[in-house]
Every structure is written in structure tokens, then in C-alpha cells.
Amino acid sequence: MKVDISEIKRSLGAHLNYIYEDTLEIEEVLIKKPVYINLKLTNAGSRILVEGIIKFNAEFICSSCGEKYDYLIEAKVNEEFLEESNLELINFKNDLSLKDLSIFTYSDNLIDLYEIIRQNIIIALPLKPLCRLDCLGLCLSCGKNLNQGQCGCKNEFINPVMDKAFKKMKIRKEKKNA
Ligand SMILES: [Zn+2]
Ligand SMILES: [Zn+2]
């Protein structure tokens, strides 16, 4: 995923497009092939701007019912690269308070896009994946996936909010009895 930017380095405002449609493996998520990446690299003087989108289908496990499901993720990319020899960057590096700031760099007119692609994918992933917004989850008594129908248990906890409230009630009850 390395791009030679010698051409656009010659004139301010010059740009080139990077298009990638192929498999991509990253540790954090199971991406279904192919991933679609369309990025525009622009010479903005001291920086190279990288903007565009990353689109892919990935497999998730629902946090409510535990079923696998596929979902289309669209990540917007908006990053900047500084040349490694750039004075601005050298100042950044000397400043301890900015040490942890993640700045993307390049050298020899070669920009490696892999790391920004990986980071932008991770940011776009759902924190609490749900197979659907109204996923009914599992019955707490028998474990049946309630999206597939009712189970017949007496205490069905359909709504996760109600479920939490019920658990609290139950704990209080148990404490009383103890
Ligand atoms: Zn679910
Ligand atoms: Zn049940």
C-alpha cells in the first residue's frame, strides 16, 4: 500500500488517487473481501493530505444474542503526512508533551497508507455490535435466541433495559431473603 508521490510533490495543489479493491487482513476485525478504498493524496505544501473512504463488509458477533452477522462499514479518512525531514516534525518530536501525538510520516517520496487505513478501520468499528437495532437477545432462563421466536419460559426478558431492571430487583429480593 505504498504510493510514490514524486509527481505531486512538484507542484502545490497537485493530487493523485489511490484506489484499492482487494483482500485486506487486519487483526481486529474479520473483513469480507474485497475491501474498497478510494483515497485522494494532495500536496498541501508542508503536508500531504489524505482524504477519502474505506468501505467493506465485515463479520461481527452480536453483543446481545451472540449470532454472527455481516455489516457494511464505511470509514471516512482525513489524515496528514509530514516528511520525516520536516522541521515542524523535528520540533514536535523534541516536545515531550507532544510525544504521544500520532503523526504520520514519510520519506523518499513514498507514503505507506497501510497504518492509516488500519487505524481508520478500527475507529469505524461498532463498540457494541448489534445484529439489528431491536435485537431481542437471549432468554435468561433457557438461552434461546428470542429473535427466532418465543421460548415459553415464564420470565421472558425481552427488553434489555427491563432485563437490567429485573436483575436489580432480583438482587434486592435475594438480599432481603438472606
Ligand atoms: Zn442480535
Ligand atoms: Zn426461555
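The structure is a predicted model, so a few ground rules apply: local features need pLDDT of at least 70, side-chain atom pairs count only at pLDDT 80 or more, and totals for chains, interfaces and linings use all residues. Residues are numbered from 1 along each chain as its sequence is written, while chains are lettered from A and ligands numbered from 1 in the order in which they are written.

Let's start with the overall layout. The protein chain holds 4 helices and 7 strands; here helices (H or I, at least four residues) and strands (E, at least two) are DSSP runs, numbered from the N terminus. Going along the sequence, the pattern reads β-α-β-β-β-β-α-β-β-α-α. Of the 178 residues in the protein chain, 15% are buried. A residue counts as buried if 20 or more other C-beta atoms lie within 10 Å of its own, as exposed if 12 or fewer do, and as partly exposed in between, with C-beta atoms placed from the backbone. Two residues are in contact if their C-beta atoms, again placed from the backbone, lie within 7 Å. Among the contacts with a separation of 6 or more, 54% join residues 24 or more positions apart.

An open sheet of 5 strands has the order 2-3-4-5-6, and its pairing is mixed. Strand 2 and strand 6 sit at the edges with a single partner strand each, so one side of each has no neighbour in the sheet. From one strand to the next, the twist averages 25°. Helix 3 packs on this sheet, where it touches strand 3, strand 4, strand 5 and strand 6, and its direction makes about 135° with that of strand 5. For such angles, axes are lines fitted to C-alpha atoms, for helices over the stretch in contact, and the angles run from 0 to 180 degrees between N-to-C directions.

The pairings can be followed strand by strand; two strands pair if DSSP finds at least two bridges between them. In general, strands of a sheet pair through backbone hydrogen bonds, either parallel or antiparallel. Strand 2 (residues 15–22) pairs with strand 3 in the antiparallel sense over 8 bridges. Within this pair, Leu 16 has Leu 41 as its bridge partner, and Asp 22 stands opposite Val 35. Strand 3 and strand 4 also run antiparallel, joined by 12 bridges, and here Leu 41 is partnered with Val 50. These two strands form a hairpin with 2 residues between them, and Gly 45 in the turn has a positive phi of about 85°. Strand 5 and strand 6 (residues 104–106), however, run parallel and share 3 bridges, with Leu 82 opposite Thr 105.

Now for the core. In soluble globular proteins, nonpolar side chains tend to be buried together. A nonpolar core is a set of buried Ala, Val, Leu, Ile, Met, Phe, Trp, Tyr and Cys residues joined through C-beta atoms within 7 Å. The largest one in this model has 18 residues, and those with the most contacts inside it are Leu 39, Leu 41, Ile 48, Val 50, Ile 54, Ile 111 and Ile 117. At least two of its residues come from each of strand 3 (30–44), strand 4 (47–61), strand 5 (68–83) and helix 3 (114–124). Strand 4 gives the most, with 5 residues. Leaving out residues up to four places away in sequence, Ile 117 touches Met 1, Ile 37 and Ile 54.

Finally, two residues make a handy contrast. Ile 121 lies in helix 3 and is buried, because 22 other C-beta atoms are within 10 Å. Beyond its neighbours within four places in sequence, Ile 121 is in contact with Ile 26, Val 29, Ile 54 and Ala 75. Its C-alpha atom is 9.0 Å from that of Lys 76, 45 residues apart along the chain. Pro 34, found in strand 3, is partly exposed, because it has 14 other C-beta atoms within 10 Å. Not counting residues up to four places away, Pro 34 touches Glu 21, Asp 22 and Thr 23. The C-alpha atoms of Pro 34 and Thr 23 are separated by 4.8 Å, with 11 residues apart along the chain.
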